[in-house]
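Hi,

Here is the structure I said I would pass on.

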Amino acid sequence: MAAGRAFLGAPCSSLAAGARRLAFASPLPRTLTPALSCGVRGRCIASASSSPDAASSPEPYVLTTPLYYVNAPPHMGSAYTTIAADAIARFQASLHPRLQRLQFLTRLQEKNVIFITGTDEHGEKIAASAEASGRNPKEHCDAISSSYKTLWADLDIEYDKFIRTTDHKHEAVVNEFYSRVLDNGDIYRADYEGLYCVSCEEYKDEKELLENNCCPVHLKPCVERKEDNYFFALSKYQHKLEELLTRNPDFVRPSYRLNEVQGWIKSGLRDFSISRASVEWGIPVPNDTKQTIYVWFDALLGYISALLDDGEQASLQQAVDHGWPASLHLIGKDILRFHAVYWPAMLMSAGLSVPDTVFGHGFLTKDGMKMGKSLGNTLEPKDLVERFGADAVRYFFLREVEFGNDGDYSEERFINIVNAHLANTIGNLLNRTLGLLKKNCKSKLAFDSIAAADGSLFRDNIENLVDNAKHQYENLLLSSACETVLEIGNLGNLYIDEQAPWSCFKQGGESVEKAAKDLVLILETMRIIAIALSPITPSLSLRIYTQLGFTKDQFRVLRWEDTKWGGLIAGQVMSEPKPVFARIETETEEDAQASSKAGKGGKRKHATKDL
Ligand code: MSP
């Protein structure tokens with residue numbers, strides 16, 4: 001968590017008006033005296049601490065994905081951020097003791113996690129795509145937004161809030177926010193003339209464009225625009241933004257993206273227009289219904305309006321009270337400027353806290369080009385899930401692409417990685433150990449895992465690796481966390497190969513006890529792997545856990561703490577050994593010909609998802 005976190009300056013009844021402040025100017029330590037505590041994380045701690053229930057509530061951890069444009073259904077690039085966010089949410093969250101027990105059962109830490117995603121539905125680009133599809137904008141948004149929800153279900157994504165920027169509660173929050181910024185003197189009217197990229201929904205600086213005024217991201221020419229608009233006085237916040245980044249370098253991560261943001265700010269900030277006279281599909285500007293609010297000035301507010309519960313009074317303060325500021329915004333690097341420059345300035349202007357961290361990840365590329373709807377070089381996540389299952393898709397992208405950097409997709413690599421890691425290292429280890437246990441111990445554990453590990457270095461090694469994985473998850477090093485869990489699997493394989501319990505069972509006598517203990521060691525290791533990998537591969541982890549003789553309900557209440565050695569007890573009966581992850585078989589030439597003659601067409605056999 002960020003060191004000098006921002007401080008909410010929004011009005012709060014127990015704080016004198018004169019004491020309102022912004023924390024980027026004056027950060028406060030986490031332990032606050034009641035008189036000054038109002039506003040941290042959008043709550044009045046002074047009053048909250050008088051209630052024993054609220055006092056012991058875990059700190060909220062709000063994390064967000066971008067709100068996806070509904071110009072077209074999701075592709076693998078949009079799925080990537082959401083998979084990463086889901087893994088982080090599963091790691092960070094856990095059952096909240098009272099409030100959200102059911103909602104957060106499968107999550108691993110003592111935090112009240114709120115995972116927000118949603119769709120960005122206003123603006124010129126969406127209106128144009130609706131028209132092209134022959135639907136009215138609302139119908140179009142409904143259809144595409146629901147295709148996101150379907151994909152998230154297919155990918156085992158468990159979000160807590162799904163905000164649509166066409167929701168009424170969102171509009172109410174945007175209006176209130178706009179009015180606050182206006183009252184603060186940060187909105188003025190002026191003419192603007194410039195080059196606009198509709199795909200980015202952004203006026204571009206000529207310097208950053210390619211030949212023929214083409215946008216470098218979408219490779220399409222920008223269009224000349226001249227409009228009478230309302231402007232946000234971003235330039236007023238130059239100094240405060242510089243100060244924010246100096247005091248809290250974790251505000252932008254990874255650290256190499258911080259330099260980029262600092263560069264933008266240093267080169268001078270220009271006010272930007274926050275309304276459109278030419279766009280009808282949007283939220284009307286308060287007091288000037290001839291204009292609509294610029295789609296970014298609208299969509300960013302979705303991170304706050306999402307916090308409102310359905311049916312409750314839609315007010316900005318109410319939303320803030322539910323957990324603002326966010327701990328983490330996960331975004332792609334192309335929208336860093338909006339999140340790391342425009343957004344904090346907007347929040348400061350409205351007297352609200354800025355988020356702890358904006359993490360800008362890299363792009364999934366195809367032949368080196370950003371995969372995207374505009375370039376039409378996308379990969380269909382739905383197809384991947386149908387062919388290989390959600391665990392394989394989640395694991396591959398989080399393991400293979402270092403979080404922060406770009407990564408290119410190759411089907412061959414996908415199959416090799418998933419087979420080697422999930423089917424062989426993890427799946428086979430469990431399967432052969434359970435096979436040995438069935439044959440030699442009637443599938444019953446002869447020892448507790450603590451007793452089985454007595455005096456063994458093996459346990460220490462596993463525990464060290466688990467600590468590393470925890471640290472890596474905490475630091476968003478998702479690929480490293482996968483690698484570490486796999487290392488645990490490798491240690492298990494090495495151990496069983498070296499100890500060869502199958503021959504110890506054959507030898508009889510004292511060797512049998514040693515062999516029975518070794519099987520417990522490996523199965524305890526599998527139990528730990530199941531928990532440690534569950535943020536990444538939740539279904540696979542559940543299958544491993546149930547093979548170890550636990551129930552689905554027991555799996556659902558696990559926390560990270562349960563990775564501690566000692567979960568297996570003597571007498572526990574394991575389930576029938578069944579492969580938990582089927583290898584992806586590549587078809588031979590003949591198979592391919594046979595299946596194409598039979599009209600199947602596909603090149604690969606499917607991996608079974610649920611065994
Ligand atoms: N609607 C805005 C976000 C508003 S947030 C208040 C938007 N939408 S988007 O649908 O175009 O992009 C959403 C996210 O998907 C961005 O973070 C973008 O970087 C990400 N990706 C789109 N294509 C991508 C790849 N090929 N690879 C990785 N992420 C990419 O921008």
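This is a predicted model: local features need pLDDT of at least 70, side-chain atom pairs count only at pLDDT 80 or more; totals for chains, interfaces and linings use all residues.

Residues are numbered from 1 along each chain as its sequence is written, and side-chain values use heavy atoms, with hydrogens and water left out.

Ligand first. Its shell has 23 residues, of which Asp120, Gly332, Asp334, Leu364 and Met371 come nearest (a residue is near if one of its heavy atoms lies within 4 Å).

- a polar side-chain atom of Asp120 is 2.7 Å from a ligand nitrogen
- a backbone N or O atom of Met371 is 2.6 Å from a ligand nitrogen
- a backbone N or O atom of Tyr69 is 3.1 Å from a ligand oxygen

On its own the ligand exposes 660 Å², and the protein buries 96% of that (Shrake-Rupley areas, 1.4 Å probe).

Strand 1 (60-69) gives the largest share of the shell, four residues; helix 9 (295-299) and strand 12 (328-332) each supply at least two. Helices (H or I, at least four residues) and strands (E, at least two) are DSSP runs, numbered from the N terminus.

Now the sheet: three strands, open, order 15-14-16, mixed pairing. Strands 15 (369-370) and 16 (407-408) are at the edges with a single partner strand each, so one side of each lacks a neighbour in the sheet. Strands 14 (364-366) and 15 run antiparallel, joined by two bridges (pairing takes at least two DSSP bridges), and Lys366 stands opposite Met369.

Cheers

Terms used: A polar contact is a pair of N or O atoms within 3.5 Å; within protein, one must be able to donate a hydrogen and the other to accept it, and residues adjacent in sequence count only if both atoms are side-chain atoms.
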